[in-house]
Amino acid sequence: MNFKAMTAIAVIATAPLAALAGPDEDKLVVNGEIEMVTKTAAPAHLSDALDEIYSGWRFRSDETQALQMDDFDNPAMVFVDQAQDAWDTVEGTEGKSCASCHDSVEESMAGVRAVYPKWNEEAGEVRTLAMQINDCRENKMGAEKWKYTGGQMAAMEALISVQSRGMPVNVAIDGPVKETWEKGKEIYYTRYGQLELSCANCHEQNYGNMIRADHLSQGQINGFPTYRLKNAKLNTAHARFKGCVRDTRAETFKPGSDEFVALELYVASRGNGLSVEGPSVRN
């Protein structure tokens, strides 16, 4: 047996032996009024793999959980405030801001985060929220695109996500998005890197276990963008995907690539029924 195979087997074999640490049964209510669904029946397309799905919030310590329960304590809300300023700021050759077309972010963006990624009929493609933001900046405002996983993009995604907090994730998986969804599913179950690990090895087969001093969740992305205590900034889903693939000791895909767009669509659909939480707080 070669070294790669031995290492992969060792990682998976030892994970179930580690102490279980959740998910817990705590309830997430933000600001004392926004009740979040953090546990629900798995969507039908996961019926052969999972009975229930859990938000990553359920796997965190009480101290970390508490940070997300009050916007005054949530460190991500600083970036939401910055994005609100950007929403109202005129940029580009067209002399427009986000507000020029969409008016109030509270009204125009309510429910938006819950259905992304989604099919864009005019473009003939599946678009993530980040792709749509950059399309608006480039083609409506005449402004420069933001870096796909950069701070400005993460903050704007967070601002838009806030308007959907508490609403159920409801990402379409059929119709024109089906081919992309199937591609994302294939990526999710494909083993990558020297460690020969897939997304499913950790987040479907070993959630609840401790591995390398970290607590494995189901890898749901209903809370993205998320403020990670590890790096003290907002993190986007594609940045996390990149980190996960890199941790398998593989050449990773590029944020915004067709592969990661497909993976985001599939992973988002695994959380259908959970509440939109972004911006969340995680380790």
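This is a predicted model: local features need pLDDT of at least 70, side-chain atom pairs count only at pLDDT 80 or more; totals for chains, interfaces and linings use all residues.
Residues are numbered from 1 along each chain as its sequence is written, and side-chain values use heavy atoms, without hydrogens and water. Local features need pLDDT of at least 70 and side-chain atom pairs count only at pLDDT 80 or more, whereas totals for chains, interfaces and linings use all residues.

Aromatic rings were paired where the centres of Phe, Tyr or Trp rings (for Trp, the six-membered ring) lie within 6.5 Å; planes under 30 degrees apart count as stacked, over 60 as edge-to-face and the rest as tilted. The count by this rule is 10 aromatic pairs. One of them joins Tyr 54 and Phe 59, which are edge-to-face with 6.3 Å from centre to centre and 85° between the planes. Both Tyr 54 and Phe 59 are buried, that is, under 20% relative accessible area, where exposed means over 50% and partly exposed in between (1.4 Å probe, protein chains only). The ring planes of Tyr 192 and Phe 253 stand at 90° with centres 5.9 Å apart, so this pair is edge-to-face. It links distant parts of the chain, 61 residues apart: Tyr 192 is in the loop between helix H8 (178-188) and helix H9 (199-203), and Phe 253 is in the loop between helix H10 (237-247) and helix H11 (258-270). Helices (H or I, at least four residues) and strands (E, at least two) are DSSP runs, numbered from the N terminus. Phe 253 is partly exposed, with a relative accessible area of 21%. Ring pairs also connect Trp 181, Tyr 188, Tyr 189 and Tyr 266 in a cluster.

Helix H10 contains Cys 244. An unreviewed UniProt entry places the feature "active site" at Cys 244; positions from UniProt follow the numbering used here, feature names are shortened, and annotations may be inferred rather than shown by experiment. Cys 244 is partly exposed, at 30% relative accessible area. The buried residues of H10 are Ala 237, His 238, Phe 241, Gly 243 and Val 245. These residues pack against strand S10 (233-235) and H11, contact meaning heavy atoms within 4.5 Å. Just after H10, Arg 249 has a positive phi of about 65°.

S10 also belongs to an open sheet of three strands, ordered S10-S9-S11 with mixed pairing; two strands pair if DSSP finds at least two bridges between them. S10 and strand S11 (280-282) are at the edges with a single partner strand each, so one side of each has no neighbour in the sheet. Strand S9 (residues 226-228) runs parallel to S11 and is joined to it by three bridges. Arg 228 stands opposite Arg 282 in S11.
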